[in-house]
Amino acid sequence: MRTVRRALPPILLACLLLAGCKSGSLGASTPSTHRPPAAGASGSAASGGGGGAIAVGAGPQKTYTVQQQPAAGSCHYRTEHGEPLEDPKCTPGAISPAVTQANLKSTICRKGGYTSGIRPPASVTGREKKLNAASYGYTGRMADAEYDHLISLQLGGDPNDPRNLWVEPADPGHKKGAGVNNQKDPVETKLHTAVCAGQVTLAAAQKAIVTDWTTALTTLHLS
């Protein structure tokens, strides 16, 4: 028994020392499990036509000011189904925080209209249109091109966010000097009617027109 008593303390000591080493190594590795994420790892969701969340603009303002536009020549038109489309990098779209699914009846669906009271004045949009034409390299007749809200005001688009406005060229075959007459306009009206009738949600209509207005109605089974 004496020899057993003498042998136990070294064994216990060894066990304690081993346990202490393991505990110490775990403690040393703890900070590595809480390292901050690499730069750019978060907040990487695309906005606008890329399929991510659509940007939210400032909404209606009492006084509008001319907004800075993309650098001249930095934006490029696309063509889908024979129609000119915006550059999603320059014009990804922006929605107004004043219009939500919950307040449709008091905003875009209210009787008497909504858009006329929030539309920026021509003194502002006229200057923006010239600047944006340079952004897109548009050289056609300005009177035949529309300074268009990608997400229209009647679909809750932001009134004067530069991400939601672009110089939309006339449709192919459009007679020069005939003024603005684009196929996108009736699409916007049909989407507005569907939203107010409860056929589609506001968010679905906004996403569809940002993605590709030429396919928005078929995508939502409205054509």
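Here are some numbered notes on this structure, which is a predicted model.

1. Let's start with the main core. The largest nonpolar core has 32 residues, and the members that touch the most others are Ile108, Ile151, Leu155, Leu191 and Val195. Helix 2 (122-136), helix 3, helix 4 and helix 5 are the elements that each give two or more residues to this core. Helix 4 supplies the largest share, with 5 residues. Apart from this core there is another one, of 6 residues, including Tyr138, Tyr147, Leu165 and Val167. As general background, nonpolar side chains tend to be buried together in soluble globular proteins.

2. Leaving out residues up to four places away in sequence, Leu155 touches Ile108, Glu188, Leu191, His192, Val195, Leu202, Ala205, Gln206 and Ile209.

3. Next, helix 4, which covers residues 202-211. Its buried residues are Leu202, Ala205, Gln206, Ala208, Ile209 and Val210. What do they pack against? The buried residues of helix 4 pack against strand 4 (94-95), helix 3 (184-196) and helix 5 (216-219). Leu202, Ala205, Gln206 and Ile209 turn up again as contacts of Leu155.

4. Trp213 counts as buried because its relative accessibility is 4%. Not counting residues up to four places away in sequence, Trp213 touches Glu83, Pro84, Leu85, Glu168, Gln183, Lys184, Val187 and Ala208. The C-alpha atoms of Trp213 and Glu188 are separated by 8.4 Å, with the two residues 25 apart along the chain.

5. Asp212 is buried but has no salt bridge, and Arg78, the nearest side chain of opposite charge, is 6.0 Å away. Its contacts, not counting residues up to four places away in sequence, are Glu80, His81 and Leu85. The other one, Glu168, sits in strand 6 (residues 165-168). Glu168 is likewise buried without a salt bridge. Which side chain of opposite charge is nearest to Glu168? That is Lys184, 5.2 Å away. Setting aside residues up to four places away in sequence, Glu168 touches Ala145, Glu146, Asp148, Asn182, Lys184 and Trp213.

6. On to the cysteines. The count of disulfides comes to 2. One is formed by Cys75 and Cys90, with sulfur atoms 2.1 Å apart. This link is left-handed, with -100 degrees about the S-S bond. Cys75 lies in the loop between strand 1 (55-56) and strand 2 (78-80), while Cys90 lies in the loop between strand 3 (83-85) and strand 4, so the pair ties together parts 15 residues apart in sequence. Cys75 and Cys90 are both buried.

7. The other disulfide joins Cys109 and Cys196, whose sulfur atoms are 2.0 Å apart. The link of Cys109 and Cys196 is left-handed too, at -90 degrees about the S-S bond. This pair links distant parts of the chain: Cys109 is in the loop between strand 4 and helix 2, and Cys196 is in helix 3, 87 residues apart. Are these cysteines buried or partly exposed? Cys109 counts as partly exposed because its relative accessibility is 23%, and Cys196 counts as partly exposed at 33%. With the bonded cysteines numbered in sequence order, the pairing reads 1-2, 3-4.

8. Last, the aromatic rings. There are 3 aromatic pairs in the structure. Tyr77 and Trp166 form a tilted pair, 6.1 Å centre to centre with 55 degrees between the planes. Tyr77 is in the loop between strand 1 and strand 2, and Trp166 is in strand 6, so 89 residues separate these distant parts of the chain. Tyr77 is partly exposed, at 27% relative accessible area, whereas Trp166 counts as buried at 0% relative accessibility. Tyr136 and Trp166 also pair up in a tilted way, because their ring centres are 6.3 Å apart and their planes are at 50 degrees. Tyr136 lies in helix 2, so this pair ties together parts 30 residues apart in sequence. Ring pairs link Tyr77, Tyr136 and Trp166 into a cluster.

Notes:
Residues numbered from 1 in each chain as written. Predicted model: local features only at pLDDT ≥ 70, side-chain atom pairs only at ≥ 80, totals over all residues. Heavy atoms only, no water. Buried < 20%, exposed > 50% of the residue type's maximum accessible area, 1.4 Å probe, protein only. Helix = DSSP H or I, 4+ residues; strand = E, 2+ residues; numbered from the N terminus. Contact = heavy atoms within 4.5 Å. Core = buried A, V, L, I, M, F, W, Y, C linked by side-chain atoms within 4.5 Å. Lys, Arg positive; Asp, Glu negative; His and termini not counted. Salt bridge = Lys/Arg side-chain N within 4 Å of Asp/Glu carboxyl O. Disulfide = S-S within 2.5 Å. Phe/Tyr/Trp six-rings, centres within 6.5 Å; stacked < 30°, edge-to-face > 60°.
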